Amino acid sequence: ELIFLWLNELIYIKDSKNLLLNRIYLNENAEYLREQFDDYDSTLLSDLLIQGVPLKRNTLTKYFSEERYSLQPLHNFFFTRDASTTINQSVLISTMRSLVRRRESLIMEAIFSHHPELKTKTIGLNKNKFPNHNVSFEGGDILIAGKDILVIGNGLRTSTQGIDFIIDQLKKEKTTKHIIVQQLPETPESFIHLDMVFTLLDKHSCMIYAPVILNKNNYKTVHLTIADGEVKNISEEKNIISALIKLGIELEPVYCGGSKDEWVQEREQWHSGANFFAIAPGKVMGYQRNVHTIDEMNNKGYEIITAEDVIAGKENPDDYKKVAITIAGAELSRGGGGCRCMTMPINRDNF
C-alpha cells in the first residue's frame, strides 16, 4: 500500500510522471500507450502500472494475439525486496532477470529519486535503459553483513555480470569493501535468491539451509576485496560463515528445518523456512508453518510469539531480548518468498 501511495503521489507531479512513463515506454516498447495514458488521473494510472493494461483488440494483429495485456501486470511486486535494496544510506536499484519485472525497478527508482519526501541517492540503474541482458541482480541476493561487507548470491536471478556491475558502483566509494559471493543452484526454484538459504538473525547468528551453505558441494564461496577503486583480491573461502568470521563477524548457524532430518530441511526450505526478516537484532519474523525451523529457533533461545498476538496487543516484541514473530502466510509462501522478500528497509543505522 505504501508503494502504491508513493507512486500515486509521484505521478501527480507532472515532470516526475512524464519521466517515469517515458522510461516505461522505452523499455517495454509501449509508446502506443502514451495517448491513452495522457487521459488518466494519477490514481487510475498508478493502478494500471501495477495491475496491467488489458489488450484492446482493435486491429487484426491484436485480435489474433494470444496476449491478454498491452502492459503486463506486476504479479510479484509485493516482493518489494527484489526491485531494490538499501546499502547504508543509498538505494541500489535492481536490474531484474525477468523483463516484465523491470518495470518494478523503474517505479522504485522513480520513487526514491523524485518523491519529495524521500531524499536519497539511487545507484545502479541506467537512467535511460537497462544494461545488457547478461547483467541482472535482485535484492533477495544482497545481504548487508556490515557497514562495508556485502554477501551476494550468484544464481538464477543474479548473474556474475550483475555482481561485477555492483562492484563497479562500489569502486567509486573511498572505503574498503568486502564482497562475499555465494554460488547457488539454479534448480529447484526455491533457491531463487540467497535469502532463501541464508539470512541474518542477529549480530551473532544466522539462519541457514545447511546442504547449500555448510555441506560440501560444487557451489563456491568467493571473497572479493575492493580498495582504491579496484578489486585488490579474489579468493575462494570454505563457506559464508567462515568468510565472515575472518572479517570479524562471529556467526552461529541456526538450521532451517532443524538439524536431524535432511528431508524436513528440504521441505521447510521449499516453504521459505530460511527467509527471515530482522526488524532489529535478534527480533525476527518468519512463517509459522515451518514448525521444525521454529522449534530450532526456540532451542537457540528465541521466544516464539504470533503476529496475531502482537497485533492484538497481547504480546510486545520489546519485552524479549530474542524473539521470533510467526505469521500464518500459507498463501504468501506459495508465491515463492518469505518475510524478508516482502520488506525493503529505506534507511539503515550505522553499524
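Two strands pair if DSSP finds at least two bridges between them. Helices (H or I, at least four residues) and strands (E, at least two) are DSSP runs, numbered from the N terminus. This is a predicted model: local features need pLDDT of at least 70, side-chain atom pairs count only at pLDDT 80 or more, and totals for chains, interfaces and linings use all residues. Residue numbers start from 1 along each chain as its sequence is written, and side-chain values use heavy atoms, without hydrogens or water.

- Three strands form an open sheet in the order 3-4-5, with mixed pairing.
- Strand 3 (84-87) and strand 5 (121-123) are the edge strands, each pairing on one side only.
- Neighbouring strands here are turned by 30° against each other on average, direction ignored.
- Strand 4 (residues 90-93) and strand 5 run parallel, joined by three bridges.
- Val91 stands opposite Thr122 of strand 5.

**Helix 6 on the sheet**
- Helix 6 (residues 102-114) lies across strands 3, 4 and 5, at about 160° to strand 4.
- Axes are lines fitted to C-alpha atoms, for helices over the stretch in contact; angles run from 0 to 180 degrees between N-to-C directions.

**Helix 1 against helix 6**
- The axes of helix 1 (residues 2-12) and helix 6 come within 10 Å and cross at roughly 65°.
- The two helices, helix 1 and helix 6, are therefore roughly perpendicular (65 to 115 degrees).
- Contact (heavy atoms within 4.5 Å) involves Ile3, Trp6, Leu7 and Leu10 of helix 1, and Ile107, Met108, Ala110, Ile111 and His114 of helix 6.

Technical notes
Parallel < 35°, antiparallel > 145°, perpendicular 65-115°, else oblique.
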